[in-house]
Amino acid sequence: MNKFKLALQLFSVFFKIGAFTFGGGYAMIPFIQKETAEKRKWITEEEILEIIAIAESTPGPIAINSATFVGYRVAGFWGSAFATFGVVLPSFLIISIIAMLLQNFADLEPVRFAFFGIRAGVLALLFKALWTMYKKAPKNLISYIIMGASFLAVAILKINVLIVLIGCALTGLISSLIMERRKRA
Amino acid sequence: MILLELFLTFFKIGLFTFGGGYAMLPLIQAEVASNGWLSQEELVNFIAVSESTPGPFAINIATYIGTETGGILGAACATLGVVMPSFIIILLVAKIYDKFRKNKGVQGCMSGLKPAVVGMIGAAILSMVGTVLFPKGIMATDALQNPSLPISIILASAMTVLAFKKVHPIIIICISAAVGILCGYFLPFLTIA
């Protein structure tokens, strides 16, 4: 099959994935696995696991990382461009329309009341998300110290988020190098 | 030059977000607040919209803020900005991904970034709890200035139980919306909307 056809197929598969997964990111992984590995054999099951590992150790949203990665594996640069465009387009279209609707409806009384309740519900979803992230973080003393320190730095000391991120990355790097050296000694 | 500003801001957000889901929240919160693009309350509202529509949070929020501040072109610039860093980095990494993943330096940085994201999301959520529970400000000592506090606490706690029981986010949002509407019409003195 020629590359252009493959790129178009990648676009339509990832468009479908973008249009039908709620919550994004990790919710997308089983869908990607089914569509690209199981059905089309574009990549192997092991490669799916690798994609998750790569997506977690590079910046950016998981959906974009995995679309780019699969697209590249299947059809090179244009494959990655079409797959990424495909996964982004549904959100883009839906949210543009919703943004315009919200501008018109946000002031209606029932809508304001609904959002009053929804804001409390969102807190619940955020607590759950925090718990999920916590479970994925390493569980050792340094990790707990970084968690506490980054929380205090942002919540109380109001230090710039980027500075905190870079500081914590360096802390992780230095502490892992020290541990490595101790193991060898 | 709102378009360029949107692109650069979301490029930065995309570049410095590690891990999926709400890892982006602390950065978005900081940027949105410093630019005055959305109020904290609008941001919380939008999280609900994003949970009830398909697609990743990152793309949804970029498109939304882009539309609100710069129309359809603004949405395109913001979305392109948030996508670009991952796209470029994955293209670079795809060729050497095995070496990259097993690299000691990358692993070391990740061991610091993962817990950092947890702490920072904690901080972002704390300030959102403040906005939701005390819409008139936490310093409003008179209980009458925050009459909705009991309802918000009860609703948030009940929904947290449901969320941990793996009830789908959309159902949680629907229940919360229904409770909000009922309270608004039947208990207006306990509602701030």
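Colleague: Among the contacts in chain B with a separation of 6 or more, what percentage comes from residues 24 or more positions apart?

Modeller: The figure is 59%. Two residues are in contact if their C-beta atoms, placed from the backbone, lie within 7 Å.

Colleague: What kind of model is this, and how are residues and chains labelled?

Modeller: This is a predicted model: local features need pLDDT of at least 70, side-chain atom pairs count only at pLDDT 80 or more, and totals for chains, interfaces and linings use all residues. Residues are numbered from 1 along each chain as its sequence is written, while chains are lettered from A and ligands numbered from 1 in the order in which they are written.

Colleague: How confident is the predictor in chain B?

Modeller: pLDDT is the predictor's confidence in each residue, from 0 to 100. Chain B averages 87, and 95% of the residues score at least 70. For the complex, the predictor gives an ipTM of 0.85 and a pTM of 0.85.

Colleague: How many helices and strands does chain B have?

Modeller: Chain B has 8 helices and 0 strands. Helices (H or I, at least four residues) and strands (E, at least two) are DSSP runs, numbered from the N terminus. The C-alpha trace of chain B spans about 60 × 40 × 30 Å along its principal axes.

Colleague: Why is B:Gly119 called buried?

Modeller: B:Gly119 has 28 other C-beta atoms within 10 Å. The cut-off is 20 or more, so B:Gly119 is buried. B:Gly119 sits in helix α6 of chain B. Leaving aside neighbours within four places in sequence, its contacts are A:Ile146, A:Met147, A:Gly148, A:Ala149, A:Ser150 and A:Phe151.

Colleague: Why is A:Ser12 called exposed?

Modeller: A:Ser12 has 12 C-beta neighbours inside 10 Å. Exposed means 12 or fewer, so A:Ser12 counts as exposed. A:Ser12 is in helix α1 of chain A. A:Ser12 and A:Val87 are 75 residues apart along the chain, with their C-alpha atoms separated by 8.8 Å.

Colleague: What makes α3 of chain B largely enclosed?

Modeller: In α3(B), 9 of the 12 residues are buried, so the helix is largely enclosed by the rest of the structure. Among them are B:Leu43, B:Phe46 and B:Ile47. The buried residues pack against α4 and α5 of chain A, together with α2 (25-35), α4 (57-94), α6 and α8 of chain B.

Colleague: How do you know that the reach of α8 in chain B is close to the expected span?

Modeller: The expected span is 1.5 Å times one less than the number of residues. Helix α8(B), residues 169-186, has 18 residues; its reach from first C-alpha to last is 26 Å, against 26 Å expected. The buried residues of α8(B) include B:Ile172, B:Ile173 and B:Ser176. Their cover includes α5 (109-136) of chain A, and α3 (40-51) and α7 (149-164) of chain B.

Colleague: How many residues of chains A and B are in contact?

Modeller: 84 residues of chain A are in contact with 92 residues of chain B. On the chain A side, α5(A) gives the most, with 23 residues. That side divides into 54 nonpolar, 22 polar and 8 charged residues. Ala, Val, Leu, Ile, Met, Phe, Trp, Tyr, Cys and Pro count as nonpolar, Asp, Glu, Lys and Arg as charged, and the others, Gly among them, as polar.

Colleague: Which domains does chain B have, and where do the bounds come from?

Modeller: The bounds come from an automatic or database domain assignment. For chain B, this gives domain 1 (2-133) and domain 2 (136-193). Their C-alpha centres lie 27 Å apart. The contact takes 6 residues from domain 1 of chain B and 7 residues from domain 2 of chain B.
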